[in-house]
Amino acid sequence: MRTVGQNDKNRSLSGVRGGLAVLAAVALVSGCTQGGDSEVRPAAGQQAGEKARKEARKAEPAAERRAQRRALVAAAKRWGLKKVPLTPPRPPAVKPTITTREGFEVDGHDSLPPVFTTVPTRQKVVFLTIDDGAEKDPAFLRMMSELKIPYTAFLSDYLVKEDYGYFRKMQAGGVTLNNHTLRHPYLPGLSYARQKREICGMQDVIEERYGKRPTLFRPPFGNYNEDTLRAARACGIRYAPIWNEEVFVDRWEYREWDRKIRPGDIVLSHFRGREDWKGTMPDMVRRFLNKITEEGYAVARLEDYL
């Protein structure tokens, strides 16, 4: 069996009396016969008021956008970014077709969850994905929320169970929590039954703790075989995204020989802190955002393209 390895007021009118009523009726008839228009037009003062209200309604979204922009500029400065992150375009109305990347196939891959490193799109977007759950840094949650950066989490229970509440806060901020197995094993070394327990078991944990079974699964280390994808499909998984670049606190690593970021690339990082890195998760995000912004890319939400 082939193994593949890796390292979004009504108004009422009072009655009129006598001649005033007659004059009003004549005026009404005259208006109908001359213009053929029976509409009752508001007085000049009413017209001005309505116009002002319309203009105010138009100005509300613009004012809100300006306020949001100011907040984003302030957040970028507060978190030490070189530039304000770019706003991603609207997700495509028609989702791209996702297939397994050439060279990443296993037997029968056409009927299995596709394994891919890049989403086919011409939009200059990348997708940030973060694995496992070891580091639970409150500053990271604040940073991503203030900068409005979307990302996708792939969690392993042996690390997440130390603080399920941390990832519940993450989910409340709009992040999708996905499957990275119970114990993060080397899956191709396990039988089909044991792989299924690892994947389906994590599906159960996420459903119990966070209310929804994931449809995305990332095999630990990016290693898998046919049994891995068969088990994932049996557990309700639809996609198995891996990555094209990986970002750390102090460097980037690339899958492609030319070391370039491409539209639709999936970027991997991990929930890590000073115990494992020469810095913090906000440090990693700073490195990530500085580079992709400089190159004209925005961060989009992976699930919006699937």
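Let's start in the largest nonpolar core, which has 48 residues; among its members, F140, L147, M170 and F288 touch the most others. Quite a few elements give two or more residues to this core: α2 (44-78), β3, α3, β4 (152-155), α5 (164-172), α6, β9 (252-254) and α8 (281-294). Keep in mind that this is a predicted model. As a general point, nonpolar side chains tend to be buried together in soluble globular proteins.

Now zoom in on F140. Leaving out neighbours within four places in sequence, F140 is in contact with I130, Y151, Y166, M170, F271, M281, P282 and V285. There is also a second, separate core of 24 residues, and V4, Y224, I242 and Y305 are among them.

Next, take a look at D137, which sits in the loop between β3 (125-132) and α3 (138-147). The side chain of D137 does reach the backbone nitrogen of A139, at 2.9 Å. Setting aside residues up to four places away in sequence, D137 touches Y166, T280, M281 and P282.

Last stop: helix α7 (residues 226-234), where D227, T228, L229, A231 and A232 are buried. Their cover includes β2 (115-116), α6 (192-210), β6 (224-225) and β7 (240-241). At the start of α7, a side-chain oxygen of N225 comes to within 3.1 Å of the backbone nitrogen of D227. Just after the helix, G236 takes a positive phi of about 100 degrees.

Methods: Residues are numbered from 1 along each chain as its sequence is written. This is a predicted model: local features need pLDDT of at least 70, side-chain atom pairs count only at pLDDT 80 or more; totals for chains, interfaces and linings use all residues. Side-chain values use heavy atoms; hydrogens and water are left out. Buried means under 20% relative accessible area, exposed over 50%, partly exposed in between (1.4 Å probe, protein chains only). Helices (H or I, at least four residues) and strands (E, at least two) are DSSP runs, numbered from the N terminus. Contact means heavy atoms within 4.5 Å. A polar contact is a pair of N or O atoms within 3.5 Å; within protein, one must be able to donate a hydrogen and the other to accept it, and residues adjacent in sequence count only if both atoms are side-chain atoms. A nonpolar core is a set of buried Ala, Val, Leu, Ile, Met, Phe, Trp, Tyr and Cys residues joined through side-chain atoms within 4.5 Å.
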